[in-house]
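Welcome, and thanks for taking a look at this one.

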Amino acid sequence: FEEYDRQGVEEVLYISINAGGSGTNAAAHAAAEQYAQEHPESRMKVYIVDSHTYSMAEGAGVIDAKKMLADGKTMEEVVDYLNDKYARMEILLTAYTLKVIRKSGRISAAAAIAGDLLGIHPIFTLNDGVSQVVKKVRGDKAVLGGMAGMLASRIAQGTPYYIGVSDHKYDEEYIEACTKKVGYAPAGVFHLGCAVLSNTGTEAVGLVYEGQKRER
């Protein structure tokens, strides 16, 4: 914040990952308050938005915010837009092995072992930092159809969606399946980072999209 102020920036937008799962949002508020107290002469205004989410579900809003500001929208308009958008963003996530998810605590050890033995794969939603199993499919081949089908049933039709993969070997089949189910191609394909894969393992796929607005 200090460096931006020194450069003459009048408005700063800070978008954090889910405040319920990270201290970065609270730290940003504390830093902005402390800076204002220590620099009463500063006219720089800091806007802080909690995305309530992670990864590209957060990043999609960042991309939109940049475009809106470049098009001349006010910071207040952008913040209002982001708060509405982040109340709609959803993540579908699955892993082709449950070993790492078991260690993360998202499912019990017994369920993970049974799932691996039976070839059962859970599909999770990760909304507002809360993970929930919404579907279970059996066999690797069923995962693709299950994910694409859940996306089609939950997405707000016409809004963009993204595919996140741990390995680009999944790119073509997920693009094809999701395009067929939803009716249009994804806005992009991105590589899942180590923060996600440390909870899912290295054989994972995520779908990021806008669903119905959630009340907070």
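Leaving out residues up to four places away in sequence, Arg-88 touches Tyr-209, Glu-210, Gly-211, Gln-212, Lys-213 and Arg-214. Please keep in mind that this is a predicted model. The chain has 216 residues, of which 43% count as buried, and its secondary structure comes to 9 helices and 8 strands.

- You will find Arg-88 in the loop between helix 4 and strand 3 (89–95).
- The C-alpha atoms of Arg-88 and Tyr-209 are 8.2 Å apart in space, although 121 residues separate the two in sequence.
- On the side-chain level, Arg-88 makes a polar contact of 2.9 Å with the side chain of Asp-84.

- Glu-210 belongs to strand 8, which covers residues 204–210.
- Is Glu-210 buried or exposed? Glu-210 is buried, because its relative accessible area is 11% and the cut-off for buried is under 20%.
- The side chain of Glu-210 is joined to that of Lys-85 by a polar contact of 2.6 Å.
- Setting aside neighbours within four places in sequence, the contacts of Glu-210 are Lys-85, Arg-88, Met-89, Arg-154, Ile-155, Ala-156, Thr-159 and Pro-160.

**Helix 3 against helix 4**

- Two packed helices are described by the angle between their axes and the distance between the axes.
- For helix 3 (residues 55–70) and helix 4 (residues 75–86), the axes come within 10 Å and cross at roughly 155 degrees.
- That angle is over 145 degrees, so helix 3 and helix 4 are roughly antiparallel to each other.
- The crossing of this pair, helix 3 and helix 4, is right-handed.
- Helix 3 contributes Ala-57, Glu-58, Ala-60, Gly-61, Val-62, Asp-64, Ala-65, Met-68 and Leu-69 to the contact, while helix 4 brings in Met-75, Glu-77, Val-78, Tyr-81, Leu-82, Lys-85 and Tyr-86.
- Sorted by class, the contact between helix 3 and helix 4 holds 11 nonpolar, 1 polar and 4 charged residues.
- Lys-85 of helix 4 takes part in this helix contact and also has the polar contact with Glu-210.

**Helix 7 against helix 8**

- The axes of helix 7 (residues 140–154) and helix 8 (residues 171–182) come within 9 Å, with a crossing angle of roughly 40 degrees.
- Helix 7 and helix 8 are therefore oblique to each other, and their crossing is right-handed.
- From helix 7, Val-143, Leu-144, Met-147, Ala-148, Gly-149, Leu-151 and Ala-152 meet Glu-173, Tyr-174, Ala-177, Cys-178, Lys-181 and Val-182 of helix 8.
- By class, 10 nonpolar, 1 polar and 2 charged residues make up the contact of helix 7 with helix 8.

**Backbone points to check**

- Most residues other than glycine have a negative phi.
- His-52, which is not a glycine, has a positive phi of about 60 degrees, and its place is the loop between strand 2 (45–50) and helix 3.
- Asp-128 is not a glycine either, and has a positive phi of about 55 degrees.
- Asp-128 sits in the loop between strand 4 (120–127) and strand 5 (130–138), where it is partly exposed with a relative accessible area of 26%.

**The chain as a whole**

- The C-alpha trace spans about 65 × 35 × 30 Å along its principal axes.
- Among contacts with a separation of 6 or more, 73% come from residues 24 or more positions apart.

Key: Residues are numbered from 1 along each chain as its sequence is written. This is a predicted model: local features need pLDDT of at least 70, side-chain atom pairs count only at pLDDT 80 or more; totals for chains, interfaces and linings use all residues. Side-chain values use heavy atoms; hydrogens and water are left out. Helices (H or I, at least four residues) and strands (E, at least two) are DSSP runs, numbered from the N terminus. Buried means under 20% relative accessible area, exposed over 50%, partly exposed in between (1.4 Å probe, protein chains only). A polar contact is a pair of N or O atoms within 3.5 Å; within protein, one must be able to donate a hydrogen and the other to accept it, and residues adjacent in sequence count only if both atoms are side-chain atoms. Contact means heavy atoms within 4.5 Å. Axes are lines fitted to C-alpha atoms, for helices over the stretch in contact, and angles run from 0 to 180 degrees between N-to-C directions. Angles under 35 degrees count as roughly parallel, over 145 as roughly antiparallel, 65 to 115 as roughly perpendicular and the rest as oblique. A crossing is left-handed if the near helix is turned anticlockwise from the far one by less than a right angle, and right-handed if clockwise. Ala, Val, Leu, Ile, Met, Phe, Trp, Tyr, Cys and Pro count as nonpolar, Asp, Glu, Lys and Arg as charged, and the others, Gly among them, as polar.
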